[in-house]
Amino acid sequence: MSSGLLRRRSATALWVWAAVAVGILGTVAAARILGLEDFGVFATALVAVGFFQILLDLTVEESLTKYGFRYVAGEDWGRLRRLFRQLLLLKLVGGLLATLILVALAPFADGLFGTEGLRTALLAAALLPLVQSSENVGATALLLHGRYDLRGVYQLVSTSLRLGAILLAAPHGVAWALGALVVAQAIATAGVSVAGVVALRRFPAAASRPLAEDVPGIRSFVLQSSIATGVVSLRTTLVPLLLGVVSGTTQVGLFRIAQTPQTGFAAASSPARLVLLTEQTRDWEHGERARVLAGIRAYSKWAAVVMVVAVPVFFVLMPWLVRLVFGEEFDDAVAAARVILLAGAIHFVLGWTKSFPVTIGRPRLRIVTHGLEALVAIPSTVALGAEWGATGAAVAVLLSTLVFAGAWAVVLVRLRSELRGEHGGTLDGAVAP
């Protein structure tokens, strides 16, 4: 490994970890400033925004990454530019639809969740999907140059702006805090969008030309990726929304606190996942499939060793950590946080599952595996959440995570058999028994 590549990977890790740390500080600041009940309203509004954003904001980033690297490898600069223009338009349309749905839902929010203030909170946050819609398109342009380190920088800028917004506006109430988040996100999105334009212009100049025979594949990829992301949203955002309906917004706030261990583990693996997405997609398009599979196996082993050490420590320290970071009024989140810790550890080991379907051009794998996860999570949340609140929802998440892990075990066995058949029984040792 060259020293330049090592420095870039190290810088990516530092920037991304710093970004997530600042994001967690934002949650801590909101919880401490707003208090238990208002933080529940704040968290519920953001969960609702996230649900409709993921559901309606078309997932084009994966197609941009997959076909973008294909066009870069083939030096097809005209199609690369056409691809970005057309998929950016789709992102903007999806963001607009999500915003309109949130505005339409707001008048019914207080009655649906049995609390006051949620209507105003949703209206204040409704523009978030629209102002954020072009952010990942700009970031993808950086990935095509292999500059995942710069993407980490912009993540840190974005989370820092959001933290500043919370610190300045939360003392004035939930609506002010959410409105300030919209402004902060608009500034962050403008910055990364400009960087994306600059990155695209660094490729050789060429007139835009039709995508032609690639259109069906791109359309299918976008559709499958969007469905997969929508299915993922059933677990990540619909679960707390359902918890709010059956148990109230205060339980949503406690559940949000309980998710902190999972957020932390996701932060720890995020740089590795970003590197995997960029480098493995490039390697796959150049035919180096053994290298891709070997990288996944190495990551899984490393991640498992880390979790074996980390999970017992955090499990024992959880009560102290919750009181120290969030305050004693959030003590009821401890049991849920311990359960989420276990689910987060499993997702940490399986962190490569987010990028791998994109790398090999099979986004439907995410639909199947996350679909099974959602089928367990949704009814379990309604039943267990109504009985035990945030702790019940956490148990539902753990059960669904175990199903998700089992589904991917089956997928890998089938994929290894398929690749052995294509390569005469082995794949340069990467998938040999």
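The crossing of H10 and H11 is right-handed. Helices here are DSSP runs of H or I with at least four residues, numbered from the N terminus. To describe two packed helices, you give the angle between their axes and the distance between the axes. For helix H10 (residues 238-247) and helix H11 (residues 249-258), the angle is about 145 degrees and the axes are 7 Å apart. As for how that works, axes are lines fitted to C-alpha atoms, for helices over the stretch in contact, and angles run from 0 to 180 degrees between N-to-C directions.

Which residues of H10 and H11 make the contact? On the H10 side they are Val239, Pro240, Leu243, Gly244 and Ser247, and on the H11 side Thr249, Gln251, Val252 and Phe255. Contact just means heavy atoms within 4.5 Å.

What you're looking at is a predicted model, where local features need pLDDT of at least 70, side-chain atom pairs count only at pLDDT 80 or more, and totals for chains, interfaces and linings use all residues. Residues are numbered from 1 along each chain as its sequence is written, and side-chain values use heavy atoms, with hydrogens and water left out.

pLDDT is the predictor's confidence in each residue, on a scale from 0 to 100. The chain has a mean of 84, and 92% of its residues reach 70 or more. Confidence is highest in helix H14 (residues 334-349), at a mean of 94, and lowest in helix H12 (residues 260-285), at 75. Watch out for residues 425-433: pLDDT stays under 50 there, and the model has 20 contacts beyond four places in sequence for this stretch.

## Salt bridges

How many salt bridges does the model have? The count comes to 4, going by the rule that a side-chain nitrogen of Lys or Arg sits within 4 Å of a carboxyl oxygen of Asp or Glu. One of them joins Glu213 to Arg79, with the closest N and O atoms 3.1 Å apart. That pair links distant parts of the chain, since Glu213 is in the loop between helix H8 (174-201) and helix H9 (215-236) while Arg79 is in helix H3 (residues 77-113), 134 residues apart. Arg79 also meets Asp214 in a salt bridge, at 3.3 Å from N to O.

(Buried means under 20% relative accessible area, exposed over 50%, and partly exposed in between, using a 1.4 Å probe and protein chains only.) Elsewhere, Asp331 and Arg323 meet in a salt bridge of 3.2 Å, N to O. Asp331 counts as partly exposed at 27%, and Arg323 does too at 40%. Shared partners join Asp76, Arg79, Glu213 and Asp214 into one network of salt bridges.

## One side of helix H4

Which residues of helix H4 (residues 118-125) are buried? They are Leu118, Ala121, Leu122 and Ala125. These residues cover an arc of only 95 degrees around the axis, so they lie on the same side of H4. The arc is that of the directions from the helix axis to the C-beta atoms.

Thr120 is in helix H4 as well, but Thr120 counts as partly exposed, at 45% relative accessibility. The C-alpha atoms of Thr120 and Leu178 are separated by 9.8 Å, with the two residues 58 apart along the chain.

Start with Ser400, in helix H16 (residues 364-422). Ser400 is buried, with a relative accessible area of 0%. Leaving out residues up to four places away in sequence, Ser400 touches Arg235, Glu373, Val376 and Ala377.

Next up is Ser226, in helix H9, which counts as buried at 12% relative accessibility. Ser226 and Glu61 are 165 residues apart in sequence, and 9.8 Å apart in space, C-alpha to C-alpha.

Last, look at Glu75, in the loop between helix H2 (61-73) and H3. Its phi is near 55 degrees, a positive value in a residue other than glycine. Glu75 is exposed, with a relative accessible area of 58%.

Key. Helix = DSSP H or I, 4+ residues; strand = E, 2+ residues; numbered from the N terminus. Left-handed = near helix turned anticlockwise from the far one by under 90°.
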